[in-house]
Amino acid sequence: MVLKKLGLGLLILMSPVLAAKAQLKVSYEVSFKEPQAHYAEVEMDLSGVSKDYIDVKMPVWAPGSYLVREFAKNVEGFTAADGKKQLRAEKLKKNTWRIYTGKSSAVQIKYSVYAFEVSVRTAFIDATHAFLSPTGIFMYPDKQLALESTVRITPFPGWNKVSTGLPAVTGEQFTYKAKNYDILFDSPIEVGNQEVFEFMAAGVKHEVAMYGGGNYNAEKLKVDMAKVVEQATAVYGENPNKNYTFIVHNFARGGGGLEHLNSTVLGASRDGYATERGYNGFLNLVAHEYHHLWNVKRLRPVALGPFDYENENYTTNLWVAEGFTAYYENKFMVRAGFITPEEFVGTLTAAVSAVVNTPGAKVQSASESSFDAWIKYYRPNENSNNTTVSYYSKGEIVGMLMDLEIANATKGTKSLDDVMKAMYLQCKATGKGYTDAEFKAMVEKISGISFTNFWAKYVNGTDPIEYSKYLGYAGINVEDLNAGKNIPYLGIATRKTEGHIMISAVSRNSGAWTDGLNVGDEVLSIDGVPAEPVVEKTSSFLDKKVGDAITVKVKRDDRDMDVRVVLKATPNVRLSPSMASGVTPAQKLVLRKWMGI
Ligand SMILES: [Zn+2]
């Protein structure tokens, strides 16, 4: 939106002659000569070139997935020509090519892309289909992200379908138009023989493109996915799309999703649809990614769009963009009737336990976790659990606490839903993303109370989560089943590698941490008992007491050694929720508003 406005402003200042001369046009054709070897052939045609040279660039990351992935690493065979005349091209940096145009005003660039990474944010091509994740396929002319482009797909012989959220060019088969590069890079394309079905919901035509088969029931999915769509739309009061495309990749074991403005890509397990757990897991994923069409794509942090495709785009607000989206999965699931209110509370309480039991939650705040996503969340190591907290999990809990605080402060008349809707409308009106201060101001406006303390504790701080207080607003009691039990624990996680029990993580401040067990140690025995039964049966050492010493024999760097570890008490909670007896009318109002049923 901002880019478009700037472009119009510039045009007014320029003379009509100059404006016409500077009219660069871009079109792409993607075809497949060797899909079995995982290659796409890309031709990028530029016309209206008016300079001596032109630079083209490949994005280094895919919005929604906050990691520099260096998509240019998969490019080969870059050439540029004007018809039969080859043009000189040189590589300036990792993702940038310069083409010396001479007197040519038309340039045809050709390159191949290797695509063999299965994920929702990377391209993948084989003999059965092509998934074109656009940031890894299309180059863009430098500083021309506002340009419109067209994309023509030539499917490999035997493939007969193309599924994408891009609008089709009428009268031209498999040809699509993108208004600007934020739209093109936000519109994945599935090419092959996917099963396609459609349903209407919230006045929007939804297309589901299923690759890979599976034991799903399309008729049932149409009904249930529509329920999710209706629940999400109800929060915002309007659905901004006319069309929406779900691209679903079904594998033996699959998962994950990536959000886009009017489409999403979902990973699923092809035989997972038949069990309640698997089916609800899929609907949860649908709820999550669909909700993103508002939360992050339109109701967005100010740093997330228009995008810089060459560098990290930093924001402290992924705890809203991702965490609240994770939180709302549960709200949509209970409102659509897929889970019971008890399951809703149980799921959220388990999520609280998970955050409380993460040592890194005492080190990293929700805003720091968001900012450092690029180097921490997306690049975890063996110590991550001690030093970081996921902005998904912490954000989910912050969302729940905020929701309950708003409902309590307004006597059950307002909730986080009202904040999300108001912020969406504000972003729509201004055409800009929100700052953290603007988000906080809206929460305070809707709730009528100050959230300064809340922000200091839960957004920018690492204070203990007062789950009993907040869930108590809704009449829910939370008991910690571990409280007062002084349960001994060692503080390691292990993984079995070729029959060896290897330490994969050591918990901060545990006995293992203090007395020096290391990640990578092979555990041979504990107090003379072979490791396997001990480590795998229990990590709580029920026959020991806190303060007891044990001897852990490990192999480290090919040498056996004994490590004496004094057991400490587990700091972990095991939370169990229940409805309080004698729930007050005020608590009932909060509970009803919170769940929205
Ligand atoms: Zn997400």
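**Note on the predicted model: salt bridges, a sheet and a zinc site**

1. E198 and K205 form a salt bridge in which the closest N and O atoms are 4.0 Å apart, where a salt bridge is a side-chain nitrogen of Lys or Arg within 4 Å of a carboxyl oxygen of Asp or Glu. E198 is partly exposed, with a relative accessible area of 39%, and K205, at 37% relative accessibility, also counts as partly exposed.

2. Residues are numbered from 1 along each chain as its sequence is written, and side-chain values use heavy atoms, with hydrogens and water left out.

3. How many salt bridges does the structure hold? There are 21 salt bridges in the structure. One of them joins the side chains of E310 and K93, with 3.4 Å from N to O. This pair links distant parts of the chain, 217 residues apart, since E310 sits in the loop between α5 (276-291) and α6 (318-335) while K93 belongs to strand β5 (residues 85-93). Helices (H or I, at least four residues) and strands (E, at least two) are DSSP runs, numbered from the N terminus. E310 counts as buried because its relative accessibility is 19%, whereas K93 is partly exposed at 44%.

4. Another salt bridge brings together the side chains of K553 and D562, at 3.2 Å from N to O. K553 counts as partly exposed at 31% relative accessibility, and D562 counts as partly exposed at 49%. Elsewhere, salt bridges that share partners join K331, R335, D403 and D417 into one network.

5. Strands of a sheet pair through backbone hydrogen bonds, either parallel or antiparallel. Here β18 and strand β20 (residues 263-269) pair in the parallel sense over 7 bridges, and F246 has T264 in β20 as its bridge partner.

6. N243 is found in strand β18 (residues 243-251) and is partly exposed, at 42% relative accessibility. Leaving aside neighbours within four places in sequence, N243 is in contact with V204, K205 and N262, contact meaning heavy atoms within 4.5 Å. N243 and G165 are 78 residues apart in sequence and 7.3 Å apart in space, C-alpha to C-alpha.

7. Which residues coordinate the zinc ion? The donors are H288 (NE2), H292 (NE2) and E322 (OE), at 2.0 to 2.1 Å, and in sequence they are spaced H-x3-H-x29-E. Donors are N, O and S atoms within 2.8 Å of the metal (3.2 Å for Na, K and Ca), and water is not among the atoms, so sites may look incomplete. H288 is buried, with a relative accessible area of 5%, and H292 counts as buried at 0%.

8. Some backbone details also deserve a look. A cis peptide bond joins G305 and P306, with omega about -10°, and P306 lies in the loop between α5 and α6. K143, although not a glycine, has a positive phi of about 60°; its place is in the loop between β11 (140-141) and β12 (149-153), and K143 is exposed at 74%. K411, likewise a residue other than glycine, has a positive phi near 55°, lies in the loop between α10 (391-409) and α11 (416-430), and is exposed at 65%.

Methods. This is a predicted model: local features need pLDDT of at least 70, side-chain atom pairs count only at pLDDT 80 or more; totals for chains, interfaces and linings use all residues. Buried means under 20% relative accessible area, exposed over 50%, partly exposed in between (1.4 Å probe, protein chains only). Two strands pair if DSSP finds at least two bridges between them.
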